[in-house]
Amino acid sequence: MSDLRDLYQQVIMDHKKNPRNFREITDANHMAHGNNPLCGDALVVYVKLNGEIIEDVSFQGSGCAISVASASLMTETLKGKTLEEAQTLYDNVHRALTGEEEGGELAGKLEVLGGVKEFPARVKCATLSWHTVHAAVDNDHDISITTE
Amino acid sequence: MSQTELKVATDSLSALDIAAVRRDFPILDQKVNGHTLAYLDNAASSQKPVQVIEAVNQFYRHDNANVHRGVHQLSQRATDAYEGARNKVRGFLNAQSDKEIIFVRGATEAINLVAQSFVRPNIEAGDEILISHIEHHANIVPWQMLCEQTGAKLKVIPMTVTGELDLSGLDDLLNSRTKILAIGQVSNALGTINPLKEMIAKARAKSIPVLVDGAQAVPHMKVDVQELDCDFYVFSGHKMFAPTGIGALYGKQALLEAMPPWQGGGDMILSVSFDHTEYNALPYKFEAGTPHIAGAVGLGAAIDYMQDLGIDNIAAHEHALLDIATQRLQQIKGVRIIGTAKQKASVLSFMIEDVHPHDVGTIFDQQGVAIRAGHHCAQPVMQFFGIAATARASFAFYNTEAEIDALVNAIKTTQELFA
């Protein structure tokens, strides 16, 4: 149960129940759809870029606690960041959760995502929103990505 | 269910010596995440008794060789074992002849074989293939592929909110353009047992061939293909306590005789020259290449095992488990059972309010309770109910009431965590 409590800790449950930035950005200049067909998680990420700065970022959709909380934390973390800073955070999240490479310290709010690493079947849930935001800022048009 | 009925259901649990049965399944005796394993994912794949494991082991230790070709002793033994397994499958399904039993990788391969070898040569643009809304993807996608190849149309028998088929329009759906009715006997996602005899009789009256996907039926009930009067019947071994990678296609002999081979290669030929190849007789015409001999041997052992226990005893025990589990879950506030057909096999799909099934699956696993969380390869069913996934507990004859307790406790833990 201690691992479970680590995974479904207070912060995750809070973000699941009250996801932050859970809305559409009507004047977004980037957006992407992220899907995980295996579990049916589906979300849309909206980004309003002002030059190199992520002025606003939000999401809508449905999914498990891990994917919703991760998306919510992602929007809180990325708002106001430069694209370069966002890329570093994206890389850190990816490394920390997949354990494929060295490094990838999760600092601050994102630290709570670290517990997901112990649940390999759930890593895709936590990374879906990050892959989606990455696809959004990389493309000028709405694009769909799929993970599974 | 009243208390009296529940008592009767519980009593029938004792028709099998479950403690002895469980000793036949060594995998069940283990801890997962510190808890006694409760394996409730049998609809995805069942566990294997030592009788099956030992049969495969024995084959590789003593009898292994290729079949149908060597003149040496081991080849003869391997051939005898392989053909002996075919004979057991024939008996298991009550087919008329061993020639009607084709070994395949599983139900999926068998459906593809029938789609490509039986239906494709006789179908044209505008013709129809009839399936139902509660099919597994294995009984949807091969037909969609055939439709893309030929311009035929896929028609779907609708379902109701209880997860039963709505047969009110069946007479129109079975029409002069219908080239095959391909229908599951038991729904893997919901447990619904379809009224096949009635449906097949209607198709038969219009001379429409019928394929039955029995992947979820064979572990739970007696199957008689002659009584069903279906043209084709398919199943997978791994869902009925046999190894993965082996299954069978039953087809009426006259139909199989008339069908062209599906795959070409060794063993399915009588003679080969560069000008002409003479195909082998049934059933070998459809078994190109070296087959999964050890798998077939394991399947034969699984059939022996099930018949020793008695398929009626198996069905009674599982039904009692389903009744008890259904009643227990109905009593938990915030739990909704998906699929409430009157006739069900031992599959219990459910939702816990405000908790995604994948969270359910992870939390259950931490308590040693193995269930399936997902769309169960039946996304149209999920779309019907407006959900992405369900949690699904599915029972086999080796499951116990104590494991239902574990299931109920896992639900309560999940609800506490998400409260």
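In chain B, strand S7, helix H8 (residues 196–205) and strand S8 make a right-handed β-α-β unit. Right-handed means that, with the strands pointing away from the viewer, the path from the first strand over the helix to the second runs clockwise. Helices (H or I, at least four residues) and strands (E, at least two) are DSSP runs numbered from the N terminus. The model is predicted: local features need pLDDT of at least 70, side-chain atom pairs count only at pLDDT 80 or more, and totals for chains, interfaces and linings use all residues. Residues are numbered from 1 along each chain as its sequence is written, with chains lettered from A and ligands numbered from 1 in the order written.

S7(B) runs parallel to S8(B) (residues 210–213), joined by 4 bridges. Here B:Ala182 stands opposite B:Leu211. S7(B) also runs parallel to S5(B) (residues 128–132), through 3 bridges. In that pair, B:Ile129 faces B:Ile180.

Chain A holds an open sheet of 4 strands in the order S3-S2-S1-S4, with mixed pairing (at least two DSSP bridges between two strands). Its edge strands are S3 (53–62) and S4 (143–146). S2(A) (residues 41–50) and S3(A) are antiparallel over 9 bridges, with A:Val45 opposite A:Phe59.
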